Amino acid sequence: MENSDYINLKNLTKSTILGRVLFPSSEINNKVSQLGKAITEDYGGRDLLLISVLRGGVFFFTDLVRSIDLEISIDFMGISTYLGINSTPTGIVKITKDLEESIEGKDIIIVEDIIDTGLTVSYLYRNLKSRYPNSIEICTLLDRNVRRIANIKIKYIGFAIGEEYVVGYGLDYKQKYRNLESIYELKLDMVKKDIETIQWKHPQFRD
Ligand code: PRP
């Protein structure tokens, strides 16, 4: 266990929020290395640009790109999602920060920390496709496909998860706990009220 987790856990074990460790930092690190190796093997000799979706995704992203042994480029997109009646996801996404450079002719990988309904990445995929890249693939650390709405093809997946609500390694609960090095399950009983209120909002409890 990493020092930073230990320090946090001293308080957090008493906390009413965090449950068990779902993926310890060591397991995450191994998985990120495997994904980086796979991307390295697949993209040799190509003009690869990896795109991170702010905010939580940057933790996974910065580890992933450092495990890729190629001359790559990186860029960032900021987005916000509109929710519909009863906070149901609409799939309508507003770009709050666009890419800095053209992606024409480049090989793109969209990197996400988690894909749930798939609506966000589906929107991004279509948006980026219209900018004439050579190719686009999707990479996610966590794939929670039980609530998938959009029909998407994910080429690189770290871990498949079920209904669990998770925090840590970039994933937040009300904007907190992103800086934990491991990924934890939230204690559902303690956050049940929130979940009932927002379960069709974003899985990471988008504010
Ligand atoms: C998360 C994640 C994806 C999106 C996936 O971001 O990084 O962008 O949700 O959900 P979907 O598949 O249902 O569209 P979030 O909105 O939590 O923002 P954050 O990264 O700032 O926490």
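Which residues have the most contacts inside the largest nonpolar core? They are Ile 109, Ile 110, Val 111 and Val 166.

## The model

This is a predicted model, where local features need pLDDT of at least 70, side-chain atom pairs count only at pLDDT 80 or more, and totals for chains, interfaces and linings use all residues. Residue numbers start from 1 along each chain as its sequence is written.

The protein chain has five helices and nine strands; these are DSSP runs numbered from the N terminus (helices are H or I, at least four residues; strands are E, at least two).

## The core

The largest nonpolar core has 41 residues. Such a core is a set of buried Ala, Val, Leu, Ile, Met, Phe, Trp, Tyr and Cys residues joined through C-beta atoms within 7 Å. Buried means 20 or more other C-beta atoms within 10 Å of a residue's own, exposed means 12 or fewer, and partly exposed is in between, with C-beta atoms placed from the backbone. Strand S5 gives this core its largest share, six residues.

## Helix H2

Now for H2, residues 25–42. Its buried residues are Ile 28, Val 32, Leu 35, Gly 36 and Ile 39. Looking down the axis of H2, the buried residues fall within an arc of 100° (taken from the directions from the helix axis to the C-beta atoms), so they line one face of the helix. An α-helix has 3.6 residues a turn, so residues three or four places apart point the same way. Over on the other side of H2, Ser 26 and Glu 41 are exposed.

Note on methods: The expected span of a helix is 1.5 Å times one less than its number of residues.
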